[in-house]
Amino acid sequence: MMGTNNYEGDDTTTLKKGSDEHANLGRDRTEQPDVKVIVGGKVFLHYRQILCVASPFFDATLNSRMKEGEESTIYLEDKDPEEWELVSSFFDICSDQKLTEENVERLIPWFHFLGVSTMMNKCDSMFLTMLPDNRLAIKHLLDMCHTSHMYDLQKSTDKSFERLCLFLDTQKMRPGIMDRHIVTSVLSFIKNDDTKYTSELW
């Protein structure tokens, strides 16, 4: 990626900032955290109310009669603990965490998984600013097309395909194995064959 670009949208640091419900969460931290989130074997302590306000996934899971709800414990064993520290920092009203070019691609799968539509919209807007405009970066553009489509970033998907079609239409592609792989990858991706997209491109 290029240099850091802090996305300054309507709210980059917290979720639902400005709502009465979310504002009240930061006023009293005298109570002990009441939820365990176990990520890749590492235990993190959090406040149930903050997690439930931030994420529909946590809201549904912690208020269910499943094991996780009864024990107030969420198991994310296949996730990265370091990434969770980054993700969860966006849930805290006192956090000054920013969405940047350096962290957005790590955050997109998490916010999609947790159903955090507010942050997914912000990721979509940031992705739009990151689309390469240099035809030499066509592989990177393909990857961004793939990510945008996979995680339902509608604005980025539309724009990245528009730019990709422009590149393929205007550049004089030399015959060769790499060019054929790129074209095959594009066609496979358009047909939603994600497995072939990956194998053909790399």
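The structure is a predicted model, in which local features need pLDDT of at least 70 and side-chain atom pairs count only at pLDDT 80 or more, while totals for chains, interfaces and linings use all residues. Residues are numbered from 1 along each chain as its sequence is written, and side-chain values use heavy atoms, with hydrogens and water left out.

I will start with the overall layout. The protein has 11 helices and 3 strands. Both are DSSP runs, numbered from the N terminus: helices are H or I with at least four residues, and strands are E with at least two. Along the sequence the order is α-β-β-α-α-α-β-α-α-α-α-α-α-α. Of the 202 residues, 42% are buried. Buried means under 20% relative accessible area, exposed means over 50%, and partly exposed is in between, with a 1.4 Å probe and protein chains only. The accessible surface comes to about 11,300 Å², and carbon and sulfur atoms account for 49% of that. Those areas come from the Shrake-Rupley method with a 1.4 Å probe; for residues, only the protein chains shown count as cover.

Next, helix α6. Its buried residues are V104, L107, I108, W110, F111 and L114. What covers the buried residues of α6? The cover includes β1, at 35-39, along with α3, β3, α5, α7 and α8.

Now take α7 from that group. Two packed helices are described by the angle between their axes and the distance between the axes. For α6 (residues 104-114) and α7 (residues 117-130), the axes come within 10 Å and cross at roughly 150°. Axes here are lines fitted to C-alpha atoms, for helices over the stretch in contact, and angles run from 0 to 180 degrees between N-to-C directions. The crossing angle therefore makes α6 roughly antiparallel to α7. On that scale, under 35 degrees is roughly parallel, over 145 roughly antiparallel, 65 to 115 roughly perpendicular, and the rest oblique. The α6 side of the contact consists of V104, E105, I108, F111 and H112, and the α7 side of M119, M120, C123, M126, F127 and M130. Just after α6 comes G115, with a positive phi of about 70°.

E105 is in helix α6. At 32% relative accessibility, E105 is partly exposed. The C-alpha atoms of E105 and S148 are 9.9 Å apart, although 43 residues separate the two in sequence.

Moving to helix α5, which spans 81-89. P81, W84, L86, V87, S88 and S89 are the buried residues of α5, and they pack against β1, β2 (42-46), α3 and α6. The N-terminal end of α5 is capped by D80, which has a side-chain oxygen 2.8 Å from the backbone nitrogen of E82. That is a polar contact, meaning a pair of N or O atoms within 3.5 Å; within protein, one must be able to donate a hydrogen and the other to accept it, and residues adjacent in sequence count only if both atoms are side-chain atoms.

E85 is also found in α5. With 42% relative accessibility, E85 is partly exposed. Not counting residues up to four places away in sequence, E85 touches K42 and F44. V39 is 46 residues from E85 along the chain, and their C-alpha atoms are separated by 9.6 Å.

Most residues other than glycine have a negative phi, and most peptide bonds are trans. S72 has a positive phi, near 55°, and D152 has a positive phi too, near 60°. Are these two residues buried or exposed? S72 is buried, with a relative accessible area of 14%, whereas D152 is exposed, at 58%. S72 is in the loop between α4 (67-71) and β3 (73-76); D152 is in the loop between α8 (138-150) and α9 (154-170). Leaving out residues up to four places away in sequence, S72 touches D34, V35, K36, R48 and L62.

S55 is buried, with a relative accessible area of 1%. Apart from its neighbours within four places in sequence, S55 is in contact with L114 and V116. A polar atom of the S55 side chain lies 3.1 Å from the backbone nitrogen of F57.

Note on methods
Contact means heavy atoms within 4.5 Å.
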